[in-house]
Amino acid sequence: MSNLFVRKATGMVRSWSVFDAFIYAFFSINLVTLGFYSFSQMYYFGGGLIPALIVSAVFIIFEVIVYASLIAVMPRAGGDYVWQTRIFGGSIGFILSITGWWFTLWLWTPIYGDMLRQIVLTPLLGVLGLKDLAVWFAGRGTALFVCSLLTLGFVSLVIMMGMKSYARIQKYSFYAGMLGLLIVLVLLFTGSPDAFRAGFERNSAAIFGTQSGLYDATATAGTDAGASTPLMGGSLALIFLTLPWLVFFNLWPNWGATLYGEVRGATDYKRNFTGMAWALVGVTILGILFFVGVARTIGWNFYMQANAAWWNYSWGYTDQVPPLPVWPNPAMLAVFLTDNRLIQIIVMLLMSFWWFGWAGTLFLSSTRVVFAAAFDRLLPEKVAELDERTGTPVNAMLLMVIPAVFVSLLYAYNIGGFISVTLAATQAIAIMYFGTAIAAIILPYKKKDLYEASPIAQMKVAGIPLITVAGVIFAAFLAFLLVEWFFDPWLNTDGVPPGLYGISLANTNSVIFLLATYGLAAAIYYGFKARRRTEGIDLDKVQAEIPVE
Amino acid sequence: MTKLFFATDIHGSDICWSKFLNAGKFYGADVLILGGDMTGKAVVPLIHQGGNNYRVTLLEQVFEVSGDDEVQDIVKKIRSRGYYPYVTNPDELLDLQNKPELVHEIFLAQVLKVVEQWMDLADKKLNGTGMKVYCCPGNDDMEEVDAVVRSSRHVIHAEGQVIPLDDHHEMIASGWSNRTPWNTHREEDEEQLAVRYETMISKLKDPHNAVFNVHVPPYKSGLDEAPELDKDLRPVLAGQSLQPVGSTALREAIRKNQPLLGLHGHIHEGRGATRIGKTLCINPGSMYEQGTLLGTIVKLGRNTIENYVLTTG
């Protein structure tokens, strides 16, 4: 559109920086928190992690197209909740989004807490010389619960602080975290297997009080625990089987999408797409570099064996504490290549920015969806109230924090085997994404006028709208993930849990958790709908389109 | 008691105006109130290419259209987003590049033409219905718009007025905002806004049962969160950084007088409802580009809001 014919009016802003958009998307597919954490748990697969990373990124690019397209057609709408309710109607949109963006985030709390201790506290306390405290934080039960509470405290602080301040913290964290990762990669690419082995023995003994022969003992414990995942290779089928675990790490480039502002043209679509796509590509390349660096110096087999030894204990398959009594954080293993304690402290501090710059948004989407539901009168007005003095959404925060404390308790103490439902945190969001993908597929047909007057109206593949094509591919990918998760055709030979992913229909905990969250969402929706009807408000009507003629 | 429907910031969208006029019947409301910013933000040239052929660039997509049907279709698309189509030729387009005053004239003519059409449509649709319709131009609306609204037989121009909604409730209205980075048509400093509000409030019989229909939302109400901009009007940190941009004078007026209801707009992303003391403040937001009329239905009781809901029509 010629600028000649655009007047000065409120909200007519210029385009945002693609690099900034890239940073937020990059942080959402967080290599160090989500990546290192999930790679280490994937020690028992047959497909190579490098090809799996590449294959998953190819599919997730279609997710990027879907979300960039939806934002271009329906800007300012605030995401999945509004898109789904606009295209499907109230009930489906509410139930999928409330579960995906609110209830499921309760489960993410102890997972974030676990990452806090493994990535930040344990290695930092260790290199600072606080051995006992470091090892305590790595332990089961109370340590994890305490870290979940610390996470909730940090997230609450961010909500009180507001996004204006936290967005800046995120940007500085990006630079600090990248510097840390760069040093880790340099160490991995300049070290040697012998130097690593010696450094590992020496530093582990000094920091965590491990016994001599740690390397061999760890390798043996890992082999016994079933470490098998290769770096490369594996049949296509085996590579695909790794994807339902791998997406725990990289299904989230859309979290960094810019939802605000007046979308003025196809350029804004391309900016959103480019920011997210480059983040996905960049993180994938960094992930590959990290894998190659690990294989070069730490040794791929040893890396997987150390992971297997740790998780076999952490998941409760053995009570025998592994020879290395803490999570084998790869950044920590890399800094063991030097004996300089100051360098170790600096690198681990820099690497902790990956957590602090990322974890603060744990409840950001939850707050948005809780508010949107309250404004639609599907929750009490009080949940969207802001504290008069601080502007903090205290009640909405409590609705997230209190259940999260309860879920953290179940998870930390593994009550009823609750720790096995880790992947359900990804599963429920993927179900919501599936709803959004279907909405994207039908958008050009169900909202024809809206689509045809949008900035993406001319983007077609063989005459079919690009958003539909991308939606079909992304939905098919999600359908594959959902089938694998639910039916887990690769359950143990006896057909008993945990299988490959731990959340199949055979896992009662997982089924109960999922049904409970969807049941709760449905109860809230239909309960409030009935209540509003008695108050004279027909919620179907307030969502219905007013006739134009 | 009165059941009102409020929508705002429809920015030239024909679809939203038609829906607004139909909303009274659709939702069973007694009163329709349109907040400010009725006018569109862009004129889209249909550049004549000879014969019956035109080139149109809409949302950075180039359309080559031929024949009346295709022209009508593209005009409909342009209008559906609230923009104004303008038939021109390459020579005129070139000439206009150095004559911003002529561009302004074209803009104003298009804006006034559409507002006139809207008032005609309102007079036609509302005739005999008894529906009360109030309209208060906002900071993005040129001053010339007021005269056109005032000429309507059924739409009441509400700026600066104290309007009785029923036996117990009065409404004050203003489309003026605090300063914006765009230096728009109706904006002033907070001190001047405070005087503007006080002038109206002082005429209210019962401020506690009043409706404050003020385009700008109160400061730090959550209804005024907008992306932070740099000096070049570029969202900083990719739009992740939000900041409150509402009026401090309005917040103080609400805090001090505690009216029953505040109706606001201005910040399209600020859809929501909140309380400042006992006052319920609502910004229904705007999705005018999508032809969706966001609004709110509020049932006013004596000394209380009996009920309210935000609508997506």
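Biologist: Why are the side chains of A:Asp216 and A:Arg197 said to meet in a salt bridge?

Modeller: Their N to O distance is 2.8 Å. The rule asks for a side-chain nitrogen of Lys or Arg within 4 Å of a carboxyl oxygen of Asp or Glu. So A:Asp216 and A:Arg197 pass. A:Asp216 sits in helix 10 (residues 214–224) of chain A and A:Arg197 in helix 9 (residues 193–208) of chain A, and the two residues are 19 apart. A helix here is a DSSP run of H or I with at least four residues, numbered from the N terminus.

This is a predicted model: local features need pLDDT of at least 70, side-chain atom pairs count only at pLDDT 80 or more, and totals for chains, interfaces and linings use all residues. Residues are numbered from 1 along each chain as written, chains are lettered from A and ligands numbered from 1 in the order written, and side-chain values use heavy atoms, leaving out hydrogens and water.

Biologist: What makes A:Asp376 and B:Arg271 a salt bridge?

Modeller: Their closest N and O atoms are 3.9 Å apart. That meets the rule, so the pair counts. The interface of chain B and chain A has four salt bridges.

Biologist: How many residues of chain B are in contact with chain A?

Modeller: 81 residues of chain B touch 68 residues of chain A. Contact means heavy atoms within 4.5 Å. The buried area is about 6800 Å², with 54% from carbon and sulfur atoms. Buried area is the accessible area (1.4 Å probe) that both parts lose on being put together, summed over both.

Biologist: What makes helix 5 and helix 7 of chain A roughly perpendicular?

Modeller: The axes of helix 5 and helix 7 (residues 142–161) of chain A come within 7 Å and cross at roughly 100°. The range is 65 to 115 degrees, so these helices are roughly perpendicular. Helix 5 of chain A brings residues including A:Asp114 and A:Arg117, and helix 7 of chain A brings residues including A:Cys147. This contact divides into nine nonpolar, four polar and two charged residues.

Notes:
Buried area = accessible area lost by both parts, 1.4 Å probe. Axes fitted to C-alpha atoms, helices over the stretch in contact; angles between N-to-C directions. Parallel < 35°, antiparallel > 145°, perpendicular 65-115°, else oblique. Nonpolar A, V, L, I, M, F, W, Y, C, P; charged D, E, K, R; others polar.
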